[in-house]
Amino acid sequence: MTINTDFTCDPNYLTANQFKLVISRKDYPAISFFAQQVMHPSVELGEADLGFPRAALTMPGDVLTFGTLSMDILLDEKMVVYEEMFQWMKRVVETKNSPNTGSLYNSTTASQYADIQLLVLTSSNNASRSFKYVNAYPISLGDITFTATSDGAFITFPISFRYDYFDFE
């Protein structure tokens with residue numbers, strides 16, 4: 001893939017609400033619809049320290065560390081999306097504790113992982129770029145706050161995912 005560096009025309013700026021989240025609709029149909037905010041994670045390049053007298057020098061390392069994929073999800077009245085994520089987390093634990101799990105990525109453990117795709121949309125709602133988070137699994141299902149003094153705002157809750165790596169598609 002080549003990166004377009006031709007900015008001779010006026011650029012269209014990216015707006016925060018132009019995205020679409022895609023996870024396997026068969027296994028997780030609700031989360032794609034209820035995603036309100038997705039925080040694309042950080043990437044860090046490790047460093048190697050060089051031992052010189054009286055000087056602390058570093059050089060670029062050989063490992064990329066990917067941050068946590070976090071999102072805020074709008075909660076539906078029947079809490080379907082919350083249960084969907086909770087069941088996914090339970091399945092991860094139950095599969096890990098099963099005596100016959102075998103290889104990490106075999107067919108018996110495939111339901112633990114799902115690729116998550118974040119589509120970045122243009123002002124015309126067409127996909128211009130996308131991030132693919134490979135072999136993602138949920139690591140945190142956040143708090144839900146119920147309050148008697150609501151201002152009418154809808155309830156959201158956070159979810160965090162780990163994944164092997166992400167790439168542009």
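A strand is a DSSP run of E of at least two residues, and strands are numbered from the N terminus. The views below show a predicted model.

**View 1. The chain as a whole is built from two helices and nine strands.** From one end of the sequence to the other, these elements follow the pattern β-α-β-β-β-β-α-β-β-β-β. The chain has 169 residues, and 30% of them are buried.

**View 2. A nonpolar patch lies on the surface and consists of Leu-50, Phe-52, Leu-57 and Met-59.** Together these residues have about 350 Å² of accessible area. Two strands, β3 (43-52) and β4 (55-66), each contribute at least two residues to the nonpolar patch.

**View 3. Phe-52, one of the patch residues, sits in strand β3.** Its relative accessible area is 47%. Buried would require under 20% and exposed over 50%, so Phe-52 counts as partly exposed.

**View 4. The largest pocket has a volume of about 310 Å³.** Two strands, β6 (114-121) and β7 (127-141), are the elements that give two or more residues to its lining. The lining includes Asn-12, Tyr-13, Leu-14, Thr-15 and Gln-18. Also in the lining are Val-120, Leu-121, Thr-122 and Ser-123, along with Ser-128 and Arg-129.

**View 5. The lining of the largest pocket is made of nonpolar, polar and charged residues.** Six of the lining residues are polar, four are nonpolar and one is charged. Tyr-13, Leu-14, Val-120 and Leu-121 belong to the lining and are of types that count as nonpolar. Arg-129 is also in the lining, and Arg counts as charged.

Terms used:
Residues are numbered from 1 along each chain as its sequence is written. This is a predicted model: local features need pLDDT of at least 70, side-chain atom pairs count only at pLDDT 80 or more; totals for chains, interfaces and linings use all residues. Side-chain values use heavy atoms; hydrogens and water are left out. Patches are made of residues with over 30% relative accessible area and no salt bridge: like charges are joined within 9 Å, nonpolar side chains (Val, Leu, Ile, Met, Phe, Trp, Tyr) within 5 Å. Accessible areas come from the Shrake-Rupley method with a 1.4 Å probe; for residues, only the protein chains shown count as cover. A salt bridge is a side-chain nitrogen of Lys or Arg within 4 Å of a carboxyl oxygen of Asp or Glu. Helices (H or I, at least four residues) and strands (E, at least two) are DSSP runs, numbered from the N terminus. Buried means under 20% relative accessible area, exposed over 50%, partly exposed in between (1.4 Å probe, protein chains only). On a 1 Å grid over the protein atoms alone, a cavity is a set of points where a 1.4 Å probe fits but cannot get out, and a pocket is an open set with protein on both sides within 12 Å along at least five of seven lines; lining residues have an atom within 4 Å of a point. Grid points are joined across faces, edges and corners, and a volume is the space filled by probe spheres set on the points.
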